[in-house]
Amino acid sequence: MKKRMFGTRLTGLAASLAVGALSGCGAKTEAKAPAADGVTVVKVGTGNNAAPFCYLDEDGNPVGYDLDVLKELDKRLEQYKFDIQTMDFSTLVVSIDSGSIDMLSHQLVKSEARKEKYLFPDEYYCLSPMSLCVRSDSGITSMADLAGKTMEQNPSAYEYQMMMAYNEAHPGNEVEIIGVSDQSTADSYKKVSNGQVDAALTYKATYDSVMDDLGITNLTLTDVVMCEDTYMMFAKDQAELVAAVSQATKEMKEDGTLGEISKKWFGGEDVFTSYADMVAISVE
């Protein structure tokens, strides 16, 4: 039986980095040799403020979907022992670039910029369905209803790339994308509410969380319009670990383990059953 290592490290911002930019010092790390017992310690980073995926509960303990997936992977991969550390997202990026961690789990997508710097498994470990936050009287229920209307996106975010790809696939029915940076989700909802923009692309869990505090009554959430497949991200020297995690993730999908973890954290919904067919197809 492996000794469990679920350490919690709370750190502040180590640098001023945009979430989508993933820039860092680029320091090269060296692959670690296994200990005498054949078990290799893997330093794993995850978030501390991204409910329901990775956050701290009222007692300061790391919890969430990502944490449960990591613990299950650790249980199955007997050749590895995960040392799980929680921190701000920008600190995670600095840490993987400097070699302080070997991998990170924070609902990331495989952007082209990221694939140049890091390794990703073949298998996604979560699906993140996205809906539109719109005014209740807007009549907007789908992406098609957004033709000629406005939405804000951070140009460094993967969602911006998704919207650009959507516009390219729908000539004559494009959405007007306004570039913004360093804007909170709450502020983006407020702009929809007061009519500055027509919609915000968002997640139901985020919407439910933010709206509880905003007190805005003229907004609603559409059905799912897009779906991101999300992956754990690894340092370039971790190819063997990547292959092991990918195989274990595939098995966890096939035996229903990921579906059960999904139900636990996403209101009883198995996102793999509900949205798998949306990953490889164009948005309608």
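Biologist: What should I know before I start?

Modeller: Because the model is predicted, local features need pLDDT of at least 70 and side-chain atom pairs count only at pLDDT 80 or more, while totals for chains, interfaces and linings use all residues. Residues are numbered from 1 along each chain as its sequence is written, and side-chain values use heavy atoms, with hydrogens and water left out.

Biologist: Let us begin with strand 1. How many of its eight residues are buried?

Modeller: First, the terms: helices (H or I, at least four residues) and strands (E, at least two) are DSSP runs, numbered from the N terminus. Buried means under 20% relative accessible area, exposed over 50%, and partly exposed in between, using a 1.4 Å probe and protein chains only. In strand 1, residues 40-47, six of the eight residues are buried, so the strand is mostly covered.

Biologist: Which strands does strand 1 pair with?

Modeller: Two strands pair if DSSP finds at least two bridges between them. Strand 1 runs parallel to strand 5 (residues 80-87), with eight bridges, and Val42 has Phe82 as its bridge partner there. Strand 1 is also parallel to strand 6 (residues 103-108), joined by three bridges; here Thr46 is partnered by Ser105.

Biologist: Now the helices. At what angle do helix 5 and helix 6 cross?

Modeller: Axes are lines fitted to C-alpha atoms, for helices over the stretch in contact, and angles run from 0 to 180 degrees between N-to-C directions. The axes of helix 5 (residues 185-193) and helix 6 (residues 204-214) come within 10 Å and cross at roughly 75 degrees. That makes the two helices roughly perpendicular (65 to 115 degrees; under 35 is roughly parallel, over 145 roughly antiparallel, and the rest oblique).

Biologist: Which residues of helix 5 and helix 6 meet?

Modeller: Contact means heavy atoms within 4.5 Å. Thr185, Ala186, Tyr189 and Lys190 of helix 5 meet Thr206, Tyr207, Val210, Met211 and Leu214 of helix 6.

Biologist: And how do I read a salt bridge?

Modeller: Side chains of opposite charge can pair when their charged atoms come close. The cut-off is a side-chain nitrogen of Lys or Arg within 4 Å of a carboxyl oxygen of Asp or Glu. The structure holds 12 salt bridges. One of them joins Asp68 and Lys264, with the closest N and O atoms 2.8 Å apart. Asp68 lies in helix 1 (residues 65-76) and Lys264 in helix 8 (residues 257-265), so this pair ties together parts 196 residues apart in sequence.

Biologist: Are Asp68 and Lys264 buried or exposed?

Modeller: Asp68 is buried, at 17% relative accessible area, whereas Lys264 is exposed, at 55%.

Biologist: Where do Asp187 and Lys190 lie?

Modeller: Both are in helix 5, three residues apart, about one turn of the helix. Asp187 is partly exposed at 34%, and Lys190 is partly exposed at 38%.

Biologist: Which residues does Ala244 touch?

Modeller: Not counting residues up to four places away in sequence, Ala244 touches Leu77, Gln79 and Tyr80. Ala244 lies in helix 7 and is buried, at 14% relative accessibility. Its C-alpha atom is 9.6 Å from that of Tyr80, a residue 164 places away along the chain.
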